[in-house]
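Welcome to my notebook. I went through this structure entry by entry, and these are the things I looked up.

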Amino acid sequence: SQDIYLIIGASGVSGQAAIQAVRNSTENAIVLGTTSSSQDISHCDRTICNINFKDPESVQKIVASVPKDSTIKMMAFIPAKGRVAMPATSATAQQVNDSVAFSIIPMLKLMSILKPEITVCHSAFIQLRFLREIYG
């Protein structure tokens, strides 16, 4: 059995921080990272490219890429979409629905199918001062 650390949204700032945290704390970690681009992600053992949660097949593509005999020790779900640090109170109903479809629904599907031991989720669909400091 392999211990897998799955980082959804691994090419972003938060994804890179998650990869670094795993590498610093776990010697034999196998890190799978996803990206919406077609380029490999540094410090990942394997990159699952062209993931776009607007495409309903993306969840199955991720599931199919996880070795069958593995245990997902941790899934970090931090995909990027929309305006960073936009207050949720300023969002339209359509923006909220789009965000739920892009972030919440795929996360719940992946949790249900892969059954990670730990799931860490982060959304930029909130207004936090540190996000303004990070992203400007």
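**Entry 1: a loop residue.** I began with H43, which sits in the loop between β2 (30-34) and β3 (46-48). I took helices (H or I, at least four residues) and strands (E, at least two) as DSSP runs, numbered from the N terminus. The phi of H43 is near 75°, a positive value in a residue other than glycine. I noted for comparison that most residues other than glycine have a negative phi. Is H43 buried or exposed? H43 has a relative accessible area of 52%, so it counts as exposed. The cut-offs I used are under 20% relative accessible area for buried, over 50% for exposed and partly exposed in between, with a 1.4 Å probe and protein chains only.

**Entry 2: what I am working with.** This is a predicted model, where local features need pLDDT of at least 70 and side-chain atom pairs count only at pLDDT 80 or more, while totals for chains, interfaces and linings use all residues. Residues are numbered from 1 along each chain as its sequence is written, and side-chain values use heavy atoms, with hydrogens and water left out.

**Entry 3: another positive phi.** I then turned to N50, in the loop between β3 and α2. Its phi is near 60°, again a positive value in a residue other than glycine. With a relative accessible area of 46%, N50 is partly exposed.

**Entry 4: the whole protein.** I stepped back to see the overall plan. How many helices and strands does the protein have? I found 4 helices and 5 strands. Along the sequence they follow the pattern β-α-β-β-α-β-α-β-α. Of the 136 residues in the protein, 38% are buried. The accessible surface comes to about 8000 Å², and carbon and sulfur atoms hold 52% of that. These areas come from the Shrake-Rupley method with a 1.4 Å probe, and for residues only the protein chains shown count as cover. I also looked at contacts, meaning heavy atoms within 4.5 Å. Among contacts in the protein with a separation of 6 or more, 65% are between residues 24 or more positions apart.

**Entry 5: a residue in α1.** I picked I19, found in helix α1 (residues 13-25). At 1% relative accessibility, I19 counts as buried. Which residues does I19 touch, not counting those up to four places away in sequence? I listed I7, A10, V31, I41, S42, H43 and C44. H43 from my opening entry is therefore exposed at 52% and is also one of the residues that I19 touches. I checked L6 as well: I19 and L6 are 13 residues apart in sequence, and their C-alpha atoms are 9.1 Å apart.

**Entry 6: two helices side by side.** Two packed helices are described by the angle between their axes and the distance between the axes. I applied this to helix α2 (residues 57-65) and helix α3 (residues 93-114), whose axes come within 10 Å and cross at roughly 30°. The axes are lines fitted to C-alpha atoms, for helices over the stretch in contact, and the angles run from 0 to 180 degrees between N-to-C directions. Where do the two helices meet? V59, Q60, I62 and V63 in α2 meet P106, K109, L110, I113 and L114 in α3. By class, this contact has 7 nonpolar, 1 polar and 1 charged residues. I counted Ala, Val, Leu, Ile, Met, Phe, Trp, Tyr, Cys and Pro as nonpolar, Asp, Glu, Lys and Arg as charged, and the others, Gly among them, as polar.

**Entry 7: along α3.** I finished with residues in helix α3, including D98. D98 is partly exposed at 32% relative accessibility, and its C-alpha atom is 8.9 Å from that of K54, 44 residues away along the chain. F102, also in α3, is buried with a relative accessible area of 10%. Leaving out residues up to four places away in sequence, M111 touches M75, P116 and T119.
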